[in-house]
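This briefing considers how a predicted model is organised inside.

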Amino acid sequence: MSFIIGNKTLLSEFENLKKSGRISHSYIIEGAKGSGRLTLARALSAMILCGSTPFCEKCDTCNKVLQGIHQDVRELIPELDPGVIKIDDIREVIKETHIKPAESDKKIFIIENAQQMNIPAQNALLQTFEEAPKNVIFFLLVTNRNLLLPTIKSRAVTLKSERLPEEVIKKELERRYPKKTDIIDEAVLLSDGALGAGILVMENGEMGKAVSVVKSYFTALDTDPTFLNLSEILGKKVSEDRKFMFWVLTYFSSALRDVLVLPVSPDTKPMFFTDRQMCDRLSKVLKKEQIFEVYNTITTVLQNFAKINTVSALANINMAMSSDFSK
């Protein structure tokens, strides 16, 4: 199973279920965003449809399933915004459950972010669980299974996508991005055990640039702990690039939280700082009450980001970061 990183025990156990003919009709795959839930669902689908045991990963069936193009494996992936799966979406799925498979003897439906189904949609899916043909299998991918109706949870087997050790994620990111090593440590930390989240930081232009900017800011502050105007650090056009500004403020907030928390709680996992010594030094030279004020200001900006004026928001943050930022 070389194409998938992690979840080896789960895949092995599922292979044994296939051998014994005990595959269920519905599964919930729970895991954090970027933890590989879709990759895992595709792997399990390939395992079900492949004619070999263990599944070969090389045949036409496996290749199609793993690429998301197999006719008998339907993937329903809702848009992030507004991101609601409605009853009409599920009704389309219900119709397809009664159409005979085109390439295999089973039909598999993968519903990404299934926690975004509204109540009518969940009730319709529940009815589908009870009435669908025996050759139909569902995978519901969720970040939190408790957002599903109890009746759905009771009729599906829950599988949990495991978090990966930081060293595994770092090794994979170094393999994929040998020319972008400057932010790999931060990407590993921000991934929180989810490889996909680390990849997103590396590949998303705004996120990667934001990590670099915030890292540079606090490195400069560590050298000269006096007031640094955030607008100057971000650049003149930041107000025109809302996505970039959002990620900068998000990481900036995480870094401030680390400065406040890590020195007094050394066992706490950092949210941004990979250099804990720098964090400790900054906590000694920056005023705690001022850090709180800046942190709270940024938190308020992020909570209302959809409707704020970015120029005014930066002005408010810079006002909080007065010339007395250092002790």
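**An enclosed strand**

Strand 1 (residues 26-30) is largely enclosed by the rest of the structure, because 5 of its 5 residues are buried. Buried here means under 20% relative accessible area with a 1.4 Å probe and protein chains only, and strands (E, at least two residues) and helices (H or I, at least four) are DSSP runs numbered from the N terminus. The model is predicted: local features need pLDDT of at least 70 and side-chain atom pairs count only at pLDDT 80 or more, while totals for chains, interfaces and linings use all residues. Residues are numbered from 1 along each chain as its sequence is written, and side-chain values use heavy atoms, with hydrogens and water left out.

- Strand 1 pairs in the parallel sense with strand 4 (residues 136-142) over 5 bridges; pairing requires at least two DSSP bridges between the strands.
- Within strand 4, F138 stands opposite S26.
- Strand 5 (residues 157-160) runs parallel to strand 1 and is joined to it by 4 bridges, with K160 as the bridge partner of E30.

**Nonpolar cores**

- A nonpolar core is a set of buried Ala, Val, Leu, Ile, Met, Phe, Trp, Tyr and Cys residues joined through side-chain atoms within 4.5 Å.
- The largest such core has 48 residues, of which L173, V214, F218, Y251, F252, F273 and L282 touch the most other members.
- Helix 12 gives the largest share of this core, 10 residues.
- Apart from neighbours within four places in sequence, F218 is in contact (heavy atoms within 4.5 Å) with F252, A255, L256, F273, M278 and L282.
- A second, separate core of 26 residues includes L10, F14, M47 and L159.

**Pockets**

- The largest pocket holds about 1,200 Å³ of space.
- Its lining numbers 44 residues, and K33, G34, S35, G196 and A197 lie nearest its centre.
- Helix 9 supplies the largest share of that lining, 7 residues.
- A pocket is an open set of points on a 1 Å grid over the protein atoms alone, where a 1.4 Å probe fits, with protein on both sides within 12 Å along at least five of seven lines; lining residues have an atom within 4 Å of a point.
- The second largest pocket, of about 190 Å³, is lined by L200, N204, E206, M207, K243, F246 and W247.

Key: Buried < 20%, exposed > 50% of the residue type's maximum accessible area, 1.4 Å probe, protein only. Points joined across faces, edges and corners; volume = space filled by probe spheres on them.
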